[in-house]
Amino acid sequence: MQTQTPIDLSGLVIDWNMTPEDAVTLYLEWGNNSWHAEHKPVTSKNDFATYFVVNTWSGRPELSLVRRNSEDCVELASFDLPEELARTFMEENGGNKGVYAPNDAIKKWLQETQFN
């Protein structure tokens, strides 16, 4: 369920393979390089990526859709994960706090419920 200002998700191009680590590599000045063949180097502030992250700093996974360029990172929407997905995600990550890419189960849930 989307919990922030509703936006039309149907027209967005989601980079399902972007991870928080890849985004930092691409969009921070010191990390903008082409070592990872899947993502082209950033050439201007008009280059951006739209991707999902799971933030576990609160102890419960919080799923967000973010858009990042070389100047900013903006949360476009947030989603409440079903309890089972949240529990499994925390178990897979050892209960650690951090910001992660969604696992395959979360991606599948998103694609079936938000992008069908």
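User: Leaving aside neighbours within four places in sequence, which residues is valine 99 in contact with?

Analyst: Good place to start. A contact means heavy atoms within 4.5 Å. By that rule, and with those sequence neighbours set aside, valine 99 touches Pro20, Val53, Val54, Asn55 and Trp57. Before we go on, two notes on the basis. This is a predicted model: local features need pLDDT of at least 70, side-chain atom pairs count only at pLDDT 80 or more, and totals for chains, interfaces and linings use all residues. Residues are numbered from 1 along each chain as its sequence is written, and side-chain values use heavy atoms, with hydrogens and water left out.

User: Where in the protein chain is confidence lowest, and where is it highest?

Analyst: The score to read is pLDDT, the predictor's confidence in each residue, from 0 to 100. Where it is low, the predicted coordinates should not be read in detail. Here the chain has a mean pLDDT of 84, with 81% of its residues at 70 or more. Confidence is lowest in α1, with a mean of 83, and highest in helix α2 (residues 83-92), with 97.

User: How many helices and strands does the secondary structure of the protein chain come to?

Analyst: Elements here are DSSP runs numbered from the N terminus: helices are H or I runs of at least four residues, and strands are E runs of at least two. The chain has three helices and four strands, and along the sequence they follow the pattern α-β-β-β-α-β-α. Valine 99, from your opening question, sits in strand β4.

User: In which sense do β1 and β2 pair, and over how many bridges?

Analyst: Two strands pair if DSSP finds at least two bridges between them. β1 and β2 are antiparallel, with seven bridges; for instance, tyrosine 51 has valine 66 of β2 as its bridge partner. The two strands form a hairpin with six residues between them, and glycine 59 in the turn has a positive phi of about 95°. β1 also pairs with β4 in the antiparallel sense, over two bridges, where valine 54 stands opposite tyrosine 100.

User: Does valine 99 count as buried or partly exposed? And what about threonine 56?

Analyst: The scale is relative accessible area: buried is under 20%, exposed is over 50%, and partly exposed lies in between (1.4 Å probe, protein chains only). Valine 99 has 37% relative accessibility and therefore counts as partly exposed. Threonine 56, in the loop between β1 and β2, has 0% and is therefore buried. Residues up to four places away aside, threonine 56 touches Pro61, Phe89, Met90, Asn96, Lys97, Gly98 and Tyr100. Across the chain's 116 residues, 38% are buried.

User: How many of the residues of helix α1 are buried?

Analyst: Six of the eight residues (20-27), so helix α1 is largely enclosed by the rest of the structure. They are Pro20, Asp22, Ala23, Thr25, Leu26 and Tyr27, and they pack against β1 (49-55), β2 (62-68) and β4 (99-100). Strand β1 is likewise largely enclosed, because six of its seven residues are buried.

User: Which residues have the most contacts inside the largest nonpolar core?

Analyst: A nonpolar core is a set of buried Ala, Val, Leu, Ile, Met, Phe, Trp, Tyr and Cys residues joined through side-chain atoms within 4.5 Å. The largest one has 17 residues, and Leu63, Leu65, Phe79 and Ile106 have the most contacts inside it. The elements giving two or more residues to this core are β1, β2, β3 (73-79), α2 and α3 (104-113). A second, separate core has eight residues, including Met18, Tyr27, Ala49 and Val66.

User: How many aromatic pairs does a search of the whole structure find?

Analyst: Rings of Phe, Tyr and Trp (its six-membered ring) pair if their centres lie within 6.5 Å; planes under 30 degrees apart count as stacked, over 60 as edge-to-face, and the rest as tilted. The search finds three pairs. Tryptophan 16 and phenylalanine 52 are stacked, because their ring centres are 5.4 Å apart and their planes are at 25°. Tryptophan 16 lies in the segment before α1 and phenylalanine 52 in strand β1, so this pair ties together parts that are 36 residues apart in sequence. Together with Phe79, they form one aromatic cluster.
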